[in-house]
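Here's a quick tour of a model you have on screen. Keep the viewer open and click along as you read.

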Amino acid sequence: MSAPTPTLTTASGIPVADDQNSLSAGPRGPLLLQDFHLIEKLQHFNRERIPERVVHAKGSGAYGTFTVTHDIRRHTRAKLFAAVGQTTETFVRFSTVGGERGSADTERDPRGFAIRFYTEEGNWDLVGNNTPMFFIKDPIKFPDFVHTQKRCPHSNLKSPEMMFDFWSRAPESLHQLTMLFSNRGTPDGYRHMDGFGSHTFSLINDAGERVFCKWHLRTEQGIRNLSAAEAGRLAGEDPDYAQRDLFDAIARKDFPRWEVRVQVATEAELAAWEARTGWNPFDLTKVWPHADFPRHPVGILELNRNPENYHAEVEQVAFSPANIVPGLGFSPDKMLQGRLFAYHDAQLYRVGANHQQLPVNAPRCPVRNHQRDGAMAFSNGGAAQTYGVVAAGGTGTSGFGHGDAGWTLSGVAGRHDARGTEDDYTQAGNLFRLLPPSERQDLFDNLAGPLSRVSPETLARQLAHFDKADPAYGDGVRLALKARQGGAQSVGAGVNG
Ligand code: HEM
């Protein structure tokens with residue numbers, strides 16, 4: 001005998017007798033207002049969408065585990081690193097940046113690589129990308145930068161002129177731009193790319209000593225990129241290519257893995273490095289070269305469980321760089337400081353005042369605070385009091401805001417314009433010079449696509465930056481532009497193609 005079909009109910013649990021025929025006056029209608037089930041069904045349907053993320057709207061997620069393989073306790077007291085072999089549950093969301101929720105996975109764009117570690121002392125979110133650097137170094141430019149990546153308000157089209165107008169006036173973007181237009185700008189799905197925390201963060205040990213650090217994730221699947229032509233073809237034929245690849249791999253138990261590594265430096269070591277190179281170690285448009293700061297292995301991240309419900313888990317997950325746990329810390333990086341504000345603020349609007357109570361966001365450890373009420377407060381602190389004891393100085397010496405060594409501040413409070421005073425070219429040139437000849441040619445061709453559609457002024461400004469990074473860079477792009485004019489047009493992919 002087959003199991004009885006479970007009874008359909010309203011959202012209030014009331015059994016529904018008929019879900020296929022509305023309550024009508026006679027067989028032809030009209031319909032009766034008292035058909036609450038019909039009304040509730042239509043009303044809820046009308047409210048199914050929440051606002052998409054203002055950036056990183058298209059994404060894929062999965063649960064996994066982080067396993068410690070190497071002891072870094074001399075640097076951090078964070079409990080997730082307490083013992084080799086210790087595991088922590090994680091949730092990871094990959095994304096493209098500029099496109100809408102339905103946009104193609106293979107567009108030329110950085111990829112988001114956001115990791116949540118559900119630790120016993122709260123959630124640590126490492127909200128990174130697949131690139132170790134970023135386009136800008138001051139958060140005040142972020143809304144403008146993102147506007148250039150989105151649609152033109154007049155035509156509703158993506159605009160290479162807007163993008164390169166911004167980039168050519170912000171030479172600090174050249175390093176990331178070079179990576180974006182190399183083949184790394186079109187990774188072959190999410191499993192075949194590396195991840196980076198990108199910013200400089202801190203580690204704090206039991207003695208309260210701080211070192212600065214950068215996080216890296218090296219794919220164990222090997223780096224694989226799509227050619228611009230292949231990415232363009234897939235954008236039409238299989239816009240959900242990366243979602244399918246990740247979901248299917250996990251479903252067939254081919255679990256993707258990344259080695260987590262960390263670069264570490266004391267404040268004094270960074271000061272000496274800055275004196276030697278001229279690079280600000282807290283500037284997000286720069287990397288810490290591996291030759292100067294080796295990457296030390298820390299653990300393995302494995303993704304091994306698909307979410308059950310895309311909306312509840314992948315759409316409603318709310319990562320924030322401000323979520324760090326005792327033993328980890330921030331740095332003076334201006335971009336990081338801007339992001340510490342931006343995410344929670346975005347999520348109060350996108351998901352709601354109590355988004356941290358949703359299952360995918362709730363920590364796996366007890367929450368005790370004095371925040372109450374607001375829309376959808378479903379674990380509202382029970383009978384516990386809603387205020388702290390005023391005389392108490394806090395709940396302990398090792399939690400947030402206590403027991404961390406500070407860092408040295410210097411300089412005058414004011415608006416500091418870095419243009420013309422910082423070297424935006426050497427690291428971009430170094431990245432260019434690292435590329436083998438065939439990949440340099442791909443870079444030239446990938447850039448020539450959108451650059452063939454910008455104004456002569458913008459083109460001249462951008463070419464001057466390539467020349468300063470390496471004369472061969474500028475020359476290569478000029479030749480690729482000429483080849484396009486001669487009719488040998490390469491196929492572009494995605495938003496910038
Ligand atoms: C000042 C600069 C930045 C600002 C103001 C900013 C702001 C935002 C906002 C508002 C969101 C949407 C959050 C949400 O609705 O849940 C977001 C998403 C995201 N951002 Fe940023 N962002 C900045 C720079 C960066 C950088 C440098 C990285 C990587 C190193 C990054 C990686 C991400 C990722 C991965 C997501 C998607 C997280 C997810 O999967 O839910 N962002 N950003």
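## Ground rules

This is a predicted model, so local features are given only where pLDDT is at least 70 and side-chain atom pairs count only at pLDDT 80 or more, while totals for chains, interfaces and linings use all residues. Residue numbers start from 1 along each chain, following the sequence as written. Helices (H or I, at least four residues) and strands (E, at least two) are DSSP runs numbered from the N terminus.

## Around the ligand

There are 27 residues around the ligand, and H56, R93, G112, P139 and A346 come nearest. To be in this shell, a residue needs its C-beta atom, placed from the backbone, within 6 Å of the molecule. The elements giving two or more residues to the shell are β2 (87-96), β3 (111-119), β4 (122-129) and α9 (334-350). Helix α9 gives the most, with eight residues.

By class, the shell has 14 nonpolar, nine polar and four charged residues. Here Ala, Val, Leu, Ile, Met, Phe, Trp, Tyr, Cys and Pro count as nonpolar, Asp, Glu, Lys and Arg as charged, and the others, Gly among them, as polar.

## Helices α2 and α3

The axes of α2 (residues 142-149) and α3 (residues 160-169) come within 7 Å and cross at roughly 150°. That makes α2 roughly antiparallel to α3. The axes are lines fitted to C-alpha atoms over the stretch in contact, with angles from 0 to 180 degrees between N-to-C directions; angles under 35 degrees count as roughly parallel, over 145 as roughly antiparallel, 65 to 115 as roughly perpendicular and the rest as oblique.

On the α2 side, D144, F145, T148 and Q149 meet M162, M163 and F166 in α3. A contact means C-beta atoms, placed from the backbone, within 7 Å. The contact residues divide into four nonpolar, two polar and one charged.

## Two cores

A nonpolar core is a set of buried Ala, Val, Leu, Ile, Met, Phe, Trp, Tyr and Cys residues joined through C-beta atoms within 7 Å. Buried means 20 or more other C-beta atoms (placed from the backbone) within 10 Å of a residue's own, exposed means 12 or fewer, and partly exposed is in between.

The largest core has 48 residues, and V92, I115, C213, V260 and L328 touch the most other members. Strand β7 (residues 210-219) gives the most to this core, with five residues. Apart from it lies another core of 34 residues, among them A428, L451, F466 and Y473.

D105 lies in the loop between β2 and β3 and counts as buried, because it has 30 C-beta neighbours inside 10 Å. Beyond four places in sequence, its contacts are K58, T96, P239, D240, Y241, A242 and Q243. D105 and T119 are 14 residues apart in sequence and 31 Å apart in space, C-alpha to C-alpha.

Y349, in helix α9, counts as exposed, with 12 C-beta neighbours inside 10 Å. Its C-alpha atom is separated by 8.5 Å from that of P51, 298 residues apart along the chain.

Most residues other than glycine have a negative phi, and most peptide bonds are trans. G29 and P30 are joined by a cis peptide bond, with omega about 10°; P30 lies in the segment before α1 (36-46).

S198, not a glycine, has a positive phi of about 70°. S198 is buried, with 26 other C-beta atoms within 10 Å. D373 also has a positive phi, near 70°, but D373 counts as exposed, with 10 C-beta neighbours inside 10 Å.

Methods
Contact = placed C-beta atoms within 7 Å.
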